[in-house]
Amino acid sequence: MRIRVVNPNTTRAMTDTIEQCAKAVAGPGTLLDAVTAEMGPASIESHYDEALSVPGILAAIQRGEQEGIDGYVIACFGDPGLDAARELARGPVVGIAEAAMRTASHLGGGFSIVTTLSRTVGRADELVYRYGLQRFCRGIHACEIPVLALEDPDARKIITEACRHAVDADGSDAVVLGCAGMAELCDHIRDEIGVPVIDGVAAATLTVQSLITLGLRKSGRGEFATPPPKSYRGLLRSFGSDL
């Protein structure tokens with residue numbers, strides 16, 4: 001099977017980290033690669049960023065369909081463009097926020113989310129409700145580190161302490177890391193704070209792999225049927241070609 005991980009931002013270094021984390025859990029016989037969006041923001045930290053990341057995501061999905069990719073991971077915790085991507089793809093498309101939260105719900109009575117900036121907390125909360133997981137989510141916390149600063153030397157310590165605080169404050173049994181750029185910290189934080197720590201990149205990769213292994217594909221009916229062809233103008237004119 002072939003799985004493609006789409007990094008919705010345009011920072012190649014982050015794509016490399018994401019790809020390493022995804023490949024670490026991919027099973028034998030799974031060919032996995034990660035691609036960087038060709039258009040969009042350098043990082044996604046606002047509704048504006050998220051909206052402008054969607055065309056790059058959809059362009060990556062369109063290319064994947066032409067290349068025969070079997071399933072996709074959208075590697076941004078806001079799960080941007082997820083519904084539209086599912087319309088385009090024949091196989092499963094999974095966002096890392098949904099995969100991480102659903103995985104955490106299997107591991108205890110409740111989980112906390114630790115994200116980057118405070119301004120992203122609202123989006124995480126919205127997704128908790130969208131996925132029907134409000135019974136499990138006990139709190140959402142920001143470590144106030146911008147996405148592109150996650151590789152700074154002090155970031156690991158700050159994020160680890162934010163996770164420790166979240167567990168203590170919320171009485172949670174697990175932590176969900178609220179950014180794809182935190183993926184490589186998962187094992188370190190788990191060892192430090194002593195509870196399961198879920199990286200959405202790994203969780204989404206294994207979810208897609210499992211769905212494909214089960215022979216399951218996206219339903220072609222109703223809401224996620226291929227969108228009807230029509231013309232688009234301006235910068236989006238290339239999206240009006242046959243899907």
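Predicted model: local features only at pLDDT ≥ 70, side-chain atom pairs only at ≥ 80, totals over all residues.
The expected span of a helix is 1.5 Å times one less than its number of residues. Helices here are DSSP runs of H or I with at least four residues, strands are runs of E with at least two, and both are numbered from the N terminus. Residues are numbered from 1 along each chain as its sequence is written, and side-chain values use heavy atoms, with hydrogens and water left out.

Helix α1 takes up residues 12-25, which makes 14 residues. From first C-alpha to last, α1 reaches 21 Å, close to the 20 Å expected at 1.5 Å a residue. Its buried residues (under 20% relative accessible area with a 1.4 Å probe, protein chains only; exposed is over 50%, partly exposed in between) are Met14, Thr15, Thr17, Ile18, Glu19, Cys21 and Ala22. What lies over these residues, judged by contact (heavy atoms within 4.5 Å), includes β1 (2-7), β2, β8 (197-199) and α8 (200-213).

One goes to the side chain of arginine 12, at 3.5 Å, and another, at 2.6 Å, to the side chain of threonine 15. Leaving aside residues up to four places away in sequence, threonine 36 also touches others, including Asn7, Asn9 and Thr10.

Next comes strand β3, residues 71-74, which is covered on both faces. Gly71 and Val73 are buried on one side, Tyr72 and Ile74 on the other. In a regular strand, side chains alternate between the two faces of the sheet. Strands pair if DSSP finds at least two bridges between them. β3 runs parallel to β1, with 4 bridges, and isoleucine 3 stands opposite glycine 71. β3 also runs parallel to β4 (residues 93-95), through 3 bridges, and isoleucine 74 has glycine 95 as its bridge partner there.

Finally, leucine 127 belongs to helix α5, residues 121-130, and counts as buried because its relative accessibility is 0%. Its contacts beyond four places in sequence are Phe77, Gly78, Asp79, Ala97 and Met101. Methionine 101 is 26 residues away along the chain, yet the two C-alpha atoms are separated by 9.5 Å.

Terms used
Polar contact = N/O pair within 3.5 Å; in protein donor to acceptor, adjacent residues only side chain to side chain.
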